[in-house]
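Please open the structure in the viewer and keep the selection tool at hand.

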Amino acid sequence: MSGDPVLEVEDLRVRLRTPRGPAEVVNGLSYTVGAGETVAVVGESGSGKSVSVLALLGLLPARVATVTGRALLQGEDLLTMPPERLRQVRGPGAGMVFQDPMTSLNPVLTIGRQLVEGIRAHGDVSKSAARTRAAELLREVGLPDPEKALDRYPHELSGGMRQRVVIAIALSNSPSLLIADEATTALDVTVQAQIIDLVEKLQAEHGTGVIWITHDLGVVAGIADRVLVMYGGRCVEDGTVDDVLERPAHPYTRGLLGSLPDLAAPAGPDGEVPELTTVPGLPPPPTDLPPGCVFWPRCPVRADPRCETEQPPLAVVSRAAAGATASGALEEGSRLPHRAATWCTEGGQG
Amino acid sequence: MFALVHLVPGDPVRLALGTRFSQETYDALRERSGLDQPLLEQFVTWLGRAVTGDLGVSFRSGETVTSQIAERLPATLTLAFASILVALVIAVPLGTISALRPRSVVDRVATVISQFGISVPDFWMGIVLILVFAGTLGWLPSGGYVPLTEDPGGWLQRLLMPALVTGVVSGSVITRFVRSSVLEALGSDHVRTAQAKGLGSRQVFTWHVLRNALLPLVTVTGVQLAYLLSGVVVVEIVFSWPGLGQLALQAVEARDYPVLQGAILLFALVFLVINLVVDLLYSAIDPRIRR
């Protein structure tokens, strides 16, 4: 199933016009997603995760966003595509699931209508055939009584059910790439697990490549083959899940992992729970990025004098051992490098 | 409201009788019209008759109030609906275009136009129109009203200017609402979902933007229509339009209490009915309100 990647992003840059001046939201992001592979993109709010995927599908308002770079979806550049071709690609090429199921469906149209219009936008399908397909999709995503659900309005469904509908819409044209933008963030943990299972199941059936944007490292460990850590609009570290989560190289990734609550940690002598560690400070505003390493203002290591003035390049830390990827789909896992954009791989909190 | 009408200084009987009359005539008329009774009693009597549809008799003309109102109603209905039509024809495209290109030249021009419409007094606009189209150009009659059934051409000619004036005023208000509600709908998450599905921009706009911007539009249109139906006094005077606003004004001048009370009662009813219709429309438009 490997072979050509579904998506190849090269040097993606997004600049937004804001009242406070131009904001460099995404600064030279490059990654690939293979068929059947799940790439998790993690980072704090404002790290450019969502913007980077919205930019791929041209979903940022053109008046304020300037997008440059290349993004090949099955060999076709999304960023230079004429609008009509881009419209055709949205859906069958790449489906998208958004963060908040409470607002991502149109409140005044029925579920059925919202599914049917998506199906009929990409093929000469009769209304009744599209409706049958819509009911099938709802069954596939595990919505009880799909026939009846077609005539319901979003407000008549729970958040989890709505998110299933959004996933059904995203999958309705069997996309080769599924982008889930914080798709489980607004849901409670049990529903979150169900949604993740659902996506994994559908992915296994259809061989879809998945970009899973989240700030939940627990989700990453459960679902992803590879991880891309974003900070200040840059990829600061990427590699297989094992490499990044077990042997984080960038001080930011180490801080991020260090701030996870450890439920297994022994309580203190008086029974008190060990305090959570945090990464002190806030991410830099995208209107005013530091000249050197983006993490420098908050970095506890600062092992190299160049950190302050020069952006450290994304360099290979190690190569993953053969078969280290979670998915069997990628047999050549040994070639996947573990990279980090830092000179501070040693020391610090590591 | 009843008390307020009666608190207006001036004596209707004195006004009805003119300058020369005897005390006996005065007292007789006062008694006949019930004005010698205590105010509360007058109110109860009036209310009791009003619920049966009897609004009393005009002091001034001696006709029943209901017949006077019925006589003026067609003119007011014509002007109100014509104005709201003009208003919507102006407001929906203008507000939409402004919302689609916020801060563009089009948006700024639309803002100036609607600010102009909101702030320029309607009588001034009316007078200017009369001067230009009735005076200088002589294309249109300066005022009056003929029923549609009698003379359709003359009806339209006379309707054009007053409908334009009130329509521009209402339209300016509605434009601002359309702009902000379309802008809000454009920024909502479900529009992004619709785009991500691969819908064409026209479909996204019609079904996911305009459709959702309809609710505030219905509200403000309802308010404007209620306002127009209760008679646009100044414009009716300027164009000698025999509507309810003019009737109410004449009733105030003559201290014609029954007519004034009847007109006010009707205005209140109009507001109630329009609000009811708007609420019913809401539930037709928005499934979240339906039960």
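Is the crossing of α9(B) and α10(B) left-handed or right-handed? To find out, select residues 189-196 of chain B, which form helix α9, and residues 201-229 of chain B, which form helix α10. The model in view is a predicted one. Looked at as a pair, α9(B) and α10(B) make a right-handed crossing.

**The first pair of helices**

Two packed helices are described by the angle between their axes and the distance between the axes. For α9(B) and α10(B), the axes come within 10 Å and the crossing angle is roughly 155°. Angles over 145 degrees count as roughly antiparallel, so α9(B) is roughly antiparallel to α10(B).

Next, display the side chains where the two helices meet. On the α9(B) side, select B:H190, B:V191, B:A194 and B:Q195; on the α10(B) side, select B:V204, B:H208 and B:V209. Sorted by class, this contact comprises four nonpolar residues, three polar residues and no charged residues.

**The second pair of helices**

Now select helix α5 (residues 65-100) and helix α8 (residues 152-186), both of chain B. Their axes come within 5 Å and cross at roughly 35°. The crossing of α5(B) and α8(B) is right-handed. The contact between α5(B) and α8(B) has 21 nonpolar, ten polar and one charged residues.

**Annotated spans of chain B**

Which residues of chain B carry the UniProt feature "transmembrane region"? The unreviewed UniProt entry places this feature at residues 79-100, 112-139, 159-178, 213-239 and 259-282 of chain B. Select residues 79-100 of chain B: the span is 100% helix and 0% strand, with its end C-alpha atoms 31 Å apart. Then move to residues 259-282 of chain B, where the chain is again 100% helix and 0% strand. The end C-alpha atoms of residues 259-282 of chain B lie 34 Å apart.

**The annotated domain of chain A**

Turn to chain A and select residues 7-257, which an unreviewed UniProt entry annotates as "domain: ABC transporter". Over these residues, chain A is 37% helix and 27% strand. The end C-alpha atoms of residues 7-257 of chain A are 28 Å apart.

**Confidence**

Finally, colour chain B by pLDDT. The mean for chain B is 84, and 95% of its residues reach 70 or more. Where is confidence in chain B lowest, and where is it highest? The lowest mean, 69, belongs to helix α2 (residues 12-17) of chain B, and the highest, 92, to α9(B). The model scores ipTM 0.83 and pTM 0.79.

Note on methods:
Residues are numbered from 1 along each chain as its sequence is written. Chains are lettered from A and ligands numbered from 1 in the order in which they are written. This is a predicted model: local features need pLDDT of at least 70, side-chain atom pairs count only at pLDDT 80 or more; totals for chains, interfaces and linings use all residues. UniProt positions are given in the numbering used here, feature names are shortened, and annotations may be inferred rather than shown by experiment. Helices (H or I, at least four residues) and strands (E, at least two) are DSSP runs, numbered from the N terminus. Axes are lines fitted to C-alpha atoms, for helices over the stretch in contact, and angles run from 0 to 180 degrees between N-to-C directions. Angles under 35 degrees count as roughly parallel, over 145 as roughly antiparallel, 65 to 115 as roughly perpendicular and the rest as oblique. A crossing is left-handed if the near helix is turned anticlockwise from the far one by less than a right angle, and right-handed if clockwise. Two residues are in contact if their C-beta atoms, placed from the backbone, lie within 7 Å. Ala, Val, Leu, Ile, Met, Phe, Trp, Tyr, Cys and Pro count as nonpolar, Asp, Glu, Lys and Arg as charged, and the others, Gly among them, as polar. pLDDT is the predictor's confidence in each residue, from 0 to 100.
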